[in-house]
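Hello,

Here is the structure I promised you. My notes follow below it.

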Amino acid sequence: MKKVAVIMGSKSDLPIVQKAIEILQDFHVPFEAHILSAHRTPEALKKFASQAHAHGFGIVIAAAGKSAHLAGVVASLTTLPVIAIPMLTSDLKGVDSLLSSVQMPSGIPVACVGINASENAALLALEILAINEPSLQNKLTCKRQEQEEKILKADQEIYLTYKESHL
């Protein structure tokens, strides 16, 4: 199975990105986590991204805040799918990160999840890898079924609690 690269622009992104890492671990998908910055470590990022395919990666998740160029720079250096996680920022509440992640120039696509939505980034990465991994597809299907059962159980509980209520 191809590995997932999880790249953060800063160590401060780890508490949010940890949720994605836990999902990858739960699904037993091989991954590597790195802190590489588009602005502060451009050569190290260039080396990693340009060699990612050759080193067995199938997809890259990139988390960054503020100008959030990390995912776009990675996408410019590899043809692997790149998923951006725009990070919440104190000054513009993550809108700056979101816009920097989704407004890519033609020819350099980046998939983007919501602000701080690392769980969705991990699940999207798994869905992409599952195209060629039937066992991973089965695990994802089971997870969806578990989610459905949880919601239906909560629905039944709320219904039974309030079925005789009158407004």
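Strands S1 (residues 3-8) and S3 (residues 57-64) run parallel and are joined by six bridges. Lys3 has Phe57 of S3 as its bridge partner. Strands here are DSSP runs of E, at least two residues, and helices are runs of H or I, at least four, all numbered from the N terminus. Two strands count as paired if DSSP finds at least two bridges between them.

This is a predicted model: local features need pLDDT of at least 70, side-chain atom pairs need 80 or more, and totals for chains, interfaces and linings use all residues. Numbering starts from 1 along each chain as its sequence is written, and side-chain values use heavy atoms, without hydrogens and water.

The sheet is open, has five strands and pairs in parallel, in the order S2-S1-S3-S4-S5. S2 (31-35) and S5 are the edge strands, each with a single partner, so one side of each has no neighbour in the sheet.

Ile115 sits in the loop between S5 (111-112) and helix H5 (118-129). Its relative accessibility is 32%, partly exposed (buried is under 20%, exposed over 50%, partly exposed in between; 1.4 Å probe, protein chains only).

Best wishes
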